[in-house]
Amino acid sequence: MIRLENVSYCYPDGTPALTNINLTIRKGEYLGIIGRNGSGKSTLALHLNGLRRPQKGKVIVKGIDAGDFSKLQEVRKIVGIVFQNPETQFIGRTVEEDLAFGPENLCLPPTEIRKRVDRALAEIKLEKYRHHSPKSLSGGQGQCVALAGVLTMEPECLVFDEVTSMLDPDSGETVLRRIKKLHEKGKTIVYTTHNLEELHVADRILVMDRGRIVLEGEPENVLSDPSLKDLGLTPPSLIELAEQLKKHEIEISWKNTSSPSSFAEELCRLFLKT
């Protein structure tokens, strides 16, 4: 669906942000991108819908060159992005007006705009906030409004750049559940984060460091890789605990490291079994 070919990009001061990135994102995939601050993951995310254009190489979105300024509207119909701070995306006085902004810019008829707004509100369960100011909502609710705003454009791929980093744990979990449901309905998801705990549900994970992809694979392999600590990343606590228990011949399956409750249930089962 999206292909990056030898993509390189430097900041204005000459510091490399991306160096010779080659990557294919498959339709329907849930791709997690992790790395510490300054690793290049956000810069990579911005290249996926043309907000950044490569200084070398190409980004191809369903056969369209995302570096071609004349094709940007087509690219952004396919790839939508949700940012770390939702307030940067708010335009309308009310949630309803904010969600209608994108479709209005596409010059869609009023009936189609209404349909898309209603559908996005229902999808993200925001109907009761229709007439609220988006800036009056909590951080988690605001992030959901930003997500709903992107959904009104009906993109095939959704890119999430550190969207839970400013949220409390409960709000973050709400946003993650919404993203998981969208993936289950067929959306392609690209999710950047420095919190490895959030990527248990991904199909594939990339680890970035200093503008390069340094590790790639299935979550079970990447999240338990001992090199993560050398890259400044903290492995998920339940996976670390499972690794310690393995040394004592107590095996916790990968699927049961996804949440404290499933981990505890597996431990109880093992104890009762013995």
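Me: In a right-handed crossing, α3 passes α4. At roughly what angle do the axes of α3 and α4 cross?
Reply: This is a predicted model. Helix α3 covers residues 95-105, and helix α4 covers residues 110-123. Their axes come within 9 Å of each other and cross at roughly 125°.

Me: What word describes how α3 and α4 lie to each other?
Reply: Their axes cross at roughly 125°. Roughly perpendicular ends at 115 degrees, and roughly antiparallel begins over 145. The pair is therefore oblique.

Me: Which residues of α4 meet α3?
Reply: On the α3 side, the contact uses Val95, Glu96, Leu99, Ala100, Pro103 and Glu104. The contact residues of the two helices divide into eight nonpolar, no polar and four charged. The α4 partners are Ile113, Arg114, Arg116, Val117, Ala120 and Leu121.

Me: How do α5 and α6 lie to each other, parallel or antiparallel?
Reply: The axes of α5 and α6 come within 8 Å and cross at roughly 20°. An angle under 35 degrees is the cut-off that matters here. So α5 and α6 are roughly parallel.

Me: Which residues of α6 make the contact with α5?
Reply: The crossing of α5 and α6 is right-handed. From α5 come Gly140, Gln143, Cys144, Leu147 and Leu151. The residues of this contact divide into five nonpolar, four polar and one charged. From α6 come Ser171, Thr174, Val175, Arg178 and Leu182.

Me: Where does Gly140 lie, and is Gly140 buried or exposed?
Reply: Gly140 lies in helix α5. Its relative accessible area is 7%. The cut-off is under 20%. Gly140 is therefore buried.

Me: What is the C-alpha separation of Gly140 and Glu173?
Reply: Not counting residues up to four places away in sequence, Gly140 touches Leu167, Ser171 and Val175. Along the chain, Gly140 and Glu173 are 33 residues apart.

Me: Which element gives the most residues to the largest nonpolar core?
Reply: This core holds 44 residues, and Phe160, Tyr191 and Val207 touch the most other members. At least two residues each come from several elements, including β3, α3, α4 and β9. With seven residues, the top contributor is α5.

Me: Which residues does Phe160 contact beyond its neighbours within four places in sequence?
Reply: Phe160 is one of the core residues that touch the most other members. Leaving aside those sequence neighbours, its contacts are Val82, Leu147, Ile179, Ile189, Val190, Tyr191 and Thr192.

Me: Is Gly92 buried or exposed?
Reply: Gly92 sits in the loop between β6 and α3. Not counting residues up to four places away in sequence, Gly92 touches Glu97, Asp98 and Pro134. Its relative accessibility is 18%, so Gly92 counts as buried.

Me: What is the phi of Asn20?
Reply: Most residues other than glycine have a negative phi. Asn20 lies in strand β2 and is partly exposed, with a relative accessible area of 45%. Asn20 is not a glycine, yet its phi is positive, at about 50°.

Me: Where is Lys125, a residue with phi near 60°?
Reply: Lys125 is a residue other than glycine with a positive phi. Its place is in the loop between α4 and α5.

Methods
Residues are numbered from 1 along each chain as its sequence is written. This is a predicted model: local features need pLDDT of at least 70, side-chain atom pairs count only at pLDDT 80 or more; totals for chains, interfaces and linings use all residues. Side-chain values use heavy atoms; hydrogens and water are left out. Axes are lines fitted to C-alpha atoms, for helices over the stretch in contact, and angles run from 0 to 180 degrees between N-to-C directions. Helices (H or I, at least four residues) and strands (E, at least two) are DSSP runs, numbered from the N terminus. Angles under 35 degrees count as roughly parallel, over 145 as roughly antiparallel, 65 to 115 as roughly perpendicular and the rest as oblique. A crossing is left-handed if the near helix is turned anticlockwise from the far one by less than a right angle, and right-handed if clockwise. Contact means heavy atoms within 4.5 Å. Ala, Val, Leu, Ile, Met, Phe, Trp, Tyr, Cys and Pro count as nonpolar, Asp, Glu, Lys and Arg as charged, and the others, Gly among them, as polar. A nonpolar core is a set of buried Ala, Val, Leu, Ile, Met, Phe, Trp, Tyr and Cys residues joined through side-chain atoms within 4.5 Å. Buried means under 20% relative accessible area, exposed over 50%, partly exposed in between (1.4 Å probe, protein chains only).
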